[in-house]
Amino acid sequence: MPAVDKLLLEEALQDSPQTRSLLSVFEEDAGTLTDYTNQLLQAMQRVYGAQNEMCLATQQLSKQLLAYEKQNFALGKGDEEVISTLHYFSKVVDELNLLHTELAKQLADTMVLPIIQFREKDLTVSTLKDLFGLASNDVCLFLEHDLSMAKYSRLPKKKENEKVKTEVGKEVAAARRKQHLSSLQYYCALNALQYRKQMAMMEPMIGFAHGQINFFKKGAEMFSKRMDSFLSSVADMVQSIQVELEAEAEKMRVSQQELLSVDESVYTPDSDVAAPQINRNLIQKAGYLNLRNKTGLVTTTWERLYFFTQGGNLMCQPRGAVAGGLIQDLDNCSVMAVDCEDRRYCFQITTPNGKSGIILQAESRKENEEWICAINNISRQIYLTDNPEAVAIKLNQTALQAVTPITSFGKKQESSCPSQNLKNSEMENENDKIVPKATASLPEAEELIAPGTPIQFDIVLPATEFLDQNRGSRRTNPFGETEDESFPEAEDSLLQQMFIVRFLGSMAVKTDSTTEVIYEAMRQVLAARAIHNIFRMTESHLMVTSQSLRLIDPQTQVSRANFELTSVTQFAAHQENKRLVGFVIRVPESTGEESLSTYIFESNSEGEKICYAINLGKEIIEVQKDPEALAQLMLSIPLTNDGKYVLLNDQPDDDDGNPNEHRGAESEA
């Protein structure tokens with residue numbers, strides 16, 4: 001007999017939409033079988049009770065046997081032999097139509113009784129639905145699990161009550177175990193039904209045939225010789241199906257015991273908080289997440305949905321849906337962990353143009369970090385390579401290889417500046433001033449940054465800068481932030497250009513004599529972020545003027561940090577990762593000495609443009625006291641259509657064309 005379709009017991013706990021869809025197919029098949037069995041039983045009962053209408057009853061039975069082939073069972077695999085057998089029985093019934101008489105007792109024992117037992121004992125799909133509450137359209141049992149899961153998701157992160165957390169965790173585990181047990185029993189019953197339906201279709205007909213032969217001598221004389229071998233082969237086939245059923249039932253019983261004997265941590269979310277085993281090489285991921293939806297200006301709701309990745313897309317499939325829908329294109333997106341409504345394990349996906357995307361919540365730290373790693377890998381378009389798994393493993397072998405290849409330092413020796421084939425010679429000349437020429441021999445990392453130097457991942461102002469921003473009689477912000485009105489020089493500045501950046505980190509350095517210190521700081525900051533799983537980044541607007549560099553909060557429009565342009569001693573963009581840019585700040589200390597700090601950012605545009613703006617600002621400072629030199633510098637900058645020097649804001653989706661097309665300074669010609 002060909003193998004029959006069956007539900008995988010291992011998928012019962014996950015309860016994915018795909019499994020639910022397959023379950024609905026089995027239920028549809030069982031419903032179709034129920035309808036057909038009822039019709040077949042009615043035909044047999046008519047044969048049993050209609051002594052005077054036996055001819056008509058057997059004709060209807062013959063037609064009903066032929067109708068099995070036209071039932072269009074959703075799971076019709078392995079029914080070919082059953083169909084051919086029923087076809088043959090239909091012919092026999094037609095031949096015996098003229099020979100039937102009273103068969104009340106024999107038909108009751110050998111034909112009607114087996115099909116009744118099958119319908120009442122095995123074909124109880126509606127009873128199974130009521131018993132297990134697991135029909136594809138029935139959500140009674142899952143409501144208990146969803147309520148307990150929602151209660152668990154609302155556990156606060158800051159004021160965590162271990163007793164409440166333990167109770168809620170046990171409640172979730174109990175609901176999952178109850179759901180798992182019911183699902184396994186339901187799956188086993190539906191799997192067994194696929195075997196029993198084949199036997200149930202043939203056993204009554206064997207009894208019917210034997211009853212006819214034994215009751216009518218003439219029938220025995222007419223059909224016994226050619227029917228014996230056929231009935232024997234059918235009996236053997238039924239016996240073989242019975243053996244398969246018993247073997248499959250034992251196999252499912254053992255599998256069910258193994259699945260139920262797992263550790264309680266399988267049912268408990270976030271069971272291994274201290275040291276979860278995280279796979280950082282994923283290029284696809286699937287599972288349930290909570291999706292944050294805005295329902296008003298200040299109100300939000302969280303919906304638990306099934307998410308999965310498909311190529312470079314994040315898909316969502318609601319419960320009961322046949323297929324998933326596109327939620328977010330992940331190519332070139334960024335993902336970071338965020339704090340949201342005092343919920344744990346939240347992360348946000350940001351679009352390539354810097355706009356905030358969706359906010360999702362995972363149920364455990366392991367799931368949270370694996371989702372972040374998977375989306376990070378997909379955003380790099382690793383899935384488009386020939387061997388994406390190998391590429392992901394290679395990129396994540398070490399934090400250094402994942403963010404800054406070692407070969408980048410060799411390439412730095414071949415170039416004296418980070419400029420890349422700009423479209424006009426003027427831009428090349430400007431960029432020659434941006435980064436000093438590389439030295440003949442690269443200094444060691446210990447000569448640039450002291451080993452063990454701590455890295456600051458949040459924006460912290462230097463002490464003197466903090467004092468400068470809080471001087472005067474104006475009311476100061478307790479967080480060290482100032483309003484835009486605290487910097488009136490920005491209005492009179494000859495240079496104003498805005499960039500969207502994300503702060504990666506800062507650290508103290510030992511020297512500012514070479515741009516290699518910036519490259520080394522980039523390597524250490526990015527490596528530390530990857531090693532310690534720090535995905536959160538602070539987005540700001542970087543305002544470059546002819547006096548200072550200002551970091552402005554895009555939400556509140558207050559300044560997070562302000563650096564005098566004269567204190568910027570080095571600045572450079574990464575040669576391979578064009579979006580990385582950094583600069584060195586020299587700040588005097590109260591002891592009379594000076595401290596050096598490097599700040600590293602990721603920009604939505606090329607870092608070269610930021611370096612060009614900083615270099616232009618420093619040139620303006622140098623020639624500002626000499627009107628002739630200042631006028632000559634202004635002449636080197638292209639005019640806009642209205643005849644003014646205006647530096648346009650740098651948009652994140654700018655082309656890699658000539659940066660001068662977006663630059664200028666406010667001044668009358």
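Modeller: A crossing is called left-handed if the near helix is turned anticlockwise from the far one by less than a right angle, and right-handed if clockwise. In this predicted model, α3 and α7 cross in the left-handed sense; helices here are DSSP runs (H or I, at least four residues), numbered from the N terminus. Local features need pLDDT of at least 70 and side-chain atom pairs 80 or more, while totals for chains, interfaces and linings use all residues. Residues are numbered from 1 along each chain as its sequence is written, and side-chain values use heavy atoms, without hydrogens and water.

Biologist: At what angle do the axes of α3 and α7 cross?

Modeller: Axes are lines fitted to C-alpha atoms over the stretch in contact, with angles from 0 to 180 degrees between N-to-C directions. Those of α3 and α7 cross at roughly 25° and come within 11 Å. The two helices are therefore roughly parallel (angles under 35 degrees).

Biologist: Which residues of α3 and α7 meet?

Modeller: Contact means heavy atoms within 4.5 Å. Among the residues that meet are Val 82, Leu 86 and Phe 89 in α3, and Met 201, Met 205 and Phe 208 in α7. The contact comprises 11 nonpolar residues (Ala, Val, Leu, Ile, Met, Phe, Trp, Tyr, Cys and Pro), 3 polar and no charged (Asp, Glu, Lys and Arg); the others, Gly among them, count as polar.

Biologist: Which residues have the most contacts inside the largest nonpolar core?

Modeller: Such a core joins buried Ala, Val, Leu, Ile, Met, Phe, Trp, Tyr and Cys residues through side-chain atoms within 4.5 Å, buried being under 20% relative accessible area with a 1.4 Å probe, protein chains only. Leu 61 and Met 201 have the most contacts inside the largest one, which has 68 residues. To this core α7 gives the most, 18 residues.

How values were computed
Buried means under 20% relative accessible area, exposed over 50%, partly exposed in between (1.4 Å probe, protein chains only). Angles under 35 degrees count as roughly parallel, over 145 as roughly antiparallel, 65 to 115 as roughly perpendicular and the rest as oblique.
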